[in-house]
Amino acid sequence: MSAAHDMLCDTARAVFAEAATAGIAPVEEAGFGLLLVPEEDGGFGGDWGDANAVLQIAGVVVPDLPVAELIAGEAYQPAATVSLMAGAMGQALVLSIEHVNTRQQFGRPLGKFQAVQQSLAVMACEVRAVEAAAAALATRLDAMSLDPSAADFEIAAAKLRANRAVGVVTAIAHQVHGAIGFTEEYDLHRVTVPLMRWRGAHGNDAYWAARLGRQVATLGGRGLWEAMTARGA
Amino acid sequence: MQGFALYPFDPPGDIAALRADLRAWLAVNQPQGDVVARANCWASFDPDFSRALGAAGYIGMTLPAQYGGGDQHPLERYVVIEELLAAGAPVGAHWIADRQTGPLILRYGSEEQRQRYLPGIAAGELYACIGLSEPGAGSDLAAVRTTARETAEGWRINGQKIWTTGAHFSHIMLALVRTEEGSERNAGLSQLLIDLDTPGITIRPIIDMAGHHDFNEVFFDDVLVPHGALVGERGQGWKQVTAELGLERSGPERYLSSHALLVALIDAAGAEPDPAIAALIGELTAEMWTLRQLSMSTAAKLAAGEDPMVEASVVKELGNAFEQDMPRRVQAIVTGGWDDEDDLAKLLRALLIASPSFSLRGGTREVIRGIIARGLGLR
């Protein structure tokens with residue numbers, strides 16, 4: 001990634017950390033509303049790859065603030081929500097790994113138990129799938145000059161895949177944490193409760209499955225493969 | 001395992017033309033046999049098709065031209081492979097030789113081995129099998145007991161391999177054997193390239209629950225192979241095999257084996273499907289699209305010279321789950337009897353029966369999840 005992209009992510013982490021207590025104002029003042037505005041119009045000139053990275057950070061640090069709405073309009077909200085979800089799922093995985101590597105029971109860390117290892121492997125696969133979906137959606141939106149109607153297939157597939165990961169990811173994260181993960185003081189709920197909310201926001205599973213399924217039906221069996229390969233790589 | 005960086009899938013050359021040429025070639029050359037052969041098609045043995053495919057330049061694509069290869073980029077090969085699988089082409093005869101034995105001979109083999117074997121592999125005429133599993137070494141591969149002792153005449157091999165896919169039609173086996181007397185576990189192992197017509201080798205079929213003959217038992221009774229059969233470095237067999245498994249686990253075959261069933265489901269549903277079937281098509285499409293992104297990214301990482309062991313395992317784990325889930329969910333929703341003879345029913349039956357093997361071959365689900373867990377920093 002470029003130096004400008006790295007700097008953007010560092011800025012997002014710092015500003016969102018402040019916004020976690022201060023509210024949306026610092027995010028607005030830092031100019032995140034101009035992220036996708038072209039440079040000739042006085043904006044940052046970022047692409048959806050930038051938005052994806054910033055929103056993944058927002059999904060961890062400020063899941064309750066309207067950062068996605070500040071960055072992009074209504075038509076982009078399903079795509080933006082995928083990025084928020086990818087970020088929050090990644091954080092749930094990080095917290096889970098830290099917990100099982102430190103919490104000791106039966107004289108050893110929980111992470112030494114095969115049952116726990118296998119659960120976390122299942123969770124990691126779901127998280128990687130959603131991260132890949134978010135990244136591939138960004139690639140398509142950027143190739144199509146941010147025209148969301150040209151990325152309708154990818155938006156539907158990515159949001160549906162992200163929705164379907166929520167149940168597995170939140171369930172395993174809480175299961176391996178035990179009771180501490182169910183407390184107000186511990187950070188896990190700061191990502192798992194937003195994940196539960198985002199699954200139903202901007203199109204639940206049934207909405208996107210029906211929409212994508214009807215679109216694919218018009219392509220026909222062989223047409224699905226031809227359309228998918230024509231859209232990318 | 002750090003957060004997933006999507007490696008850009010950016011093959012050189014005109015990829016749209018590569019796809020179009022191959023599709024046109026398949027339209028003429030792909031056998032129009034039973035629809036069931038289009039499912040799980042990397043187990044469909046058709047040497048005539050393999051020879052034609054090799055003559056058209058679609059096998060050994062990444063091998064150097066001096067060995068009969070195409071000097072092409074690994075991601076160009078990836079595009080060809082995913083097209084062949086999506087079309088359900090019968091690629092089983094040459095599959096293992098093209099995917100892993102050829103690249104491994106190029107990487108670790110001697111000049112003599114390269115000249116002797118690679119041109120036949122690239123022509124789609126020389127087939128290979130993998131000698132890893134033994135009766136006492138399944139998931140626990142380091143328990144391999146087949147021995148090869150160095151003598152004045154060459155290597156003398158004694159022991160047994162099992163679950164060897166395609167041994168009955170293969171010309172060569174790349175076997176993992178214990179070359180160092182008294183060695184334990186993953187030390188003291190080496191890879192030998194064995195011509196399967198060597199005296200002392202007995203190959204017996206194992207018929208699977210679908211009634212197919214893919215597996216074999218292979219017995220070695222004082223088999224003598226030349227010194228030059230050693231591939232790579234003596235005692236480094238474990239390291240070489242591990243690299244080979246990376247090639248085996250992340251390819252598009254891990255999510256496209258059952259593609260024929262999705263095609264049949266979509267075609268049977270028609271342009272205005274029942275809402276429940278439309279929803280199932282939507283969910284299966286979303287999963288397949290995501291798997292394709294993961295698989296392409298892993299291929300790009302491999303092509304960049306990095307080791308995608310964990311990413312490859314993620315592709316295999318999710319791909320296996322998708323392919324085992326698909327026939328079960330299709331059966332739960334479509335009407336029709338077990339013995340019906342339409343395409344959808346035949347594919348459904350075949351894949352329900354084949355699907356238990358998906359999370360066994362190439363590493364069991366439990367082993368794969370263990371690799372992922374280690375990548376997460378557990379253990």
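Predicted model: local features only at pLDDT ≥ 70, side-chain atom pairs only at ≥ 80, totals over all residues.

Modeller: Residues are numbered from 1 along each chain as written, chains are lettered from A in the order written, and side-chain values use heavy atoms, without hydrogens and water.

Colleague: What area is buried between chain B and chain A?

Modeller: Buried area is the accessible area (1.4 Å probe) that two parts lose on being put together, summed over both. Carbon and sulfur atoms give 70% of the total between chain B and chain A, which is about 4,000 Å².

Colleague: Which residues in chain B lose the most area to chain A?

Modeller: Three residues together account for 17% of what the side of chain B buries. They are Trp289(B), Leu376(B) and Leu378(B).

Colleague: Which residue of chain A meets Glu283(B) in a salt bridge?

Modeller: A salt bridge is a side-chain nitrogen of Lys or Arg within 4 Å of a carboxyl oxygen of Asp or Glu, and the rule finds three across this interface. At 2.9 Å, N to O, the side chain of Glu283(B) meets that of Arg164(A).

Colleague: Which residue stands opposite Ile130(B) in β4(B)?

Modeller: Strands are DSSP runs (E, at least two residues), numbered from the N terminus, and two of them pair if DSSP finds at least two bridges between them. β1(B), residues 128–131, and β4(B), residues 172–178, pair in the parallel sense over four bridges. Opposite Ile130(B) stands Leu174(B).
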